Amino acid sequence: MKKQLLALTLTGALSLSMLAGCGGADATKPAADGGDKTAAASGGSVYYLNFKPEQDAQWKELAELYTKETGVPVTILTAASGQYETTLKSEMAKTKAPTLFQVNGPVGLSAWKDYCYDLSKTPIASELTSKDFALMDGDKMAGIGYVIETYGLIYNKGLLEKAGYKQEDIKGFDDLKKVAEDITKRKSELGFSAFTSAGMDGSSDWRFKTHLANLPIYYEYKKDGIDNTDAIKGTYLDNYRKIWDLYINNSTTEPSLLSTKTGDDAVAEFVTEQAVFYQNGTWAYNDIAELGNDNLGMLPIYIGAEGEDQQGLCTGTENYWCVNSKASEADIQATLDFMNWCVTSETGTKAMCGGEGAMPSGQAGMGFVIPFKGNLESENPLVNIANQYVKDGYQPVAWNFSTMPSEEWKNGVGSALTTYAANQSDDTWKGVVTAFVDGWKTEAAAAKA
């Protein structure tokens, strides 16, 4: 199955690239046309529409450093959480449009492929550790993945032990349910809950309408031997309901209040030790680092599917850099040079891969695992946990959510989940099923119309 094999390839390459030292390449490496970088970019500028709000400060500092070093202006605009596609459409309609943007995979590419410069013969393409990290449109390399990430159930080891358990006690959904419900029963005695709030505010709902929803999609694709579909069947939606029920009924927050809970609320609950489990990914490390590396663990998200005892963490990317082919030649060249500098220079790789104090200003780096030859060994314990799962032979869960038909589909599922949380009945769950299955078919058809 192509997607599952891809996930394993991605994660295996991730582990191998972790062993690499600093890229440290010369920032004046020849540009795509063979000329000196600064000369090639003369008169050009870079405008990057950043997808990740949590790395806004790092990108802005990196842009300033690059401009200081080369004289090339770099503008960074960061879209609000959940608003990237809307912002991209608005900015692309302007005279001064982004020269560097991103798509989330094949579905995102379908809308923007006419704006994607062919990266196949550019220097950054030769820096990839595997062509599996390239997003292709036929023979054209339309995008390049710039970060490989992993998500699962981050947990507080100290709190789990205080509750009388350890990671080895949780090998599947039934184990997770037993632990979570026991913690809930003893909440007053223990002083904490099982899960942080499953907030359905726009800053948080993507964790459930996208990342959690990936699990039933992954298992359906695996069962059917496919890697995409225009008509999801919903084979594992009962499993989706089980894990959602577990989250919302064993958390810090009443289910009826989830519509108002934010991503920041979940972070605060976790770092102040109000909850044991927090669904998120390697990118969240800087937010929770104060708990201490030795106190952080990560479990797979179990939903009760057959064979999940061999399941690893969810590993992949939905972050593909694309260069605006409608930009001027000078701006395209400037953008290609900036991208290459980010993944080959000492300053760029430290900023992208580093942890605490990695930026020249002293702020933390982005903590990425980058799929390029210059990747640095990670200081992020969550990344190292992900690597260990692969080394131990567990099957990574592919990021199949890149095949979700549209943002509208995600919003429909999120709205239905919120309604169900406030009134947990079979009838309200039918609304989730309808949004998931019928909504998928409708949105997939609309995308092809």
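The lining of the largest pocket divides into 18 nonpolar, 17 polar and 15 charged residues. Before I go on, please keep in mind that this is a predicted model.

Now, the pocket itself. Its space comes to about 1400 Å³. There are 50 lining residues, and those closest to the centre are F51, S81, G82, W206 and E407. Several elements give two or more residues to that lining: the helices are α4 (84–92), α5 (106–112), α10 (206–212), α13 (263–271), α18 (407–422) and α19 (426–448), and the strands are β3 (100–103) and β8 (275–281).

I will stay with α19 and turn to helix packing. Two packed helices are described by the angle between their axes and the distance between the axes. Helix α12, residues 237–249, has an axis that comes within 11 Å of the α19 axis, and the two cross at roughly 125°. An angle of that kind makes α12 oblique to α19. The crossing is right-handed. Which residues make the contact? From α12 they are L237, Y240, R241 and W244, and from α19 they are D426, W429, V432, V433, F436 and V437. By class, that contact has eight nonpolar residues, two charged and no polar ones.

Is the crossing left-handed or right-handed? α3 passes α15 in a right-handed crossing. On the α3 side, the contact uses W59, L62, Y66 and E69; on the α15 side, it uses A334, D337, F338, W341 and C342. Seven of these count as nonpolar and two as charged, with no polar residues.

The residues in contact are W341, C342, V343 and T344 of α15, together with E346, T347, G348, T349 and M352 of α16. What is the make-up of this contact by class? It has four nonpolar, four polar and one charged residues.

One last point on α15. W341 and C342 are listed in its contact with α3, and W341 and C342 are listed again in its contact with α16.

Terms used:
Residues numbered from 1 in each chain as written. Predicted model: local features only at pLDDT ≥ 70, side-chain atom pairs only at ≥ 80, totals over all residues. Heavy atoms only, no water. 1 Å grid on protein atoms, 1.4 Å probe; cavity = no way out; pocket = protein on both sides within 12 Å on 5 of 7 lines; lining within 4 Å. Points joined across faces, edges and corners; volume = space filled by probe spheres on them. Helix = DSSP H or I, 4+ residues; strand = E, 2+ residues; numbered from the N terminus. Nonpolar A, V, L, I, M, F, W, Y, C, P; charged D, E, K, R; others polar. Axes fitted to C-alpha atoms, helices over the stretch in contact; angles between N-to-C directions. Parallel < 35°, antiparallel > 145°, perpendicular 65-115°, else oblique. Left-handed = near helix turned anticlockwise from the far one by under 90°. Contact = heavy atoms within 4.5 Å.
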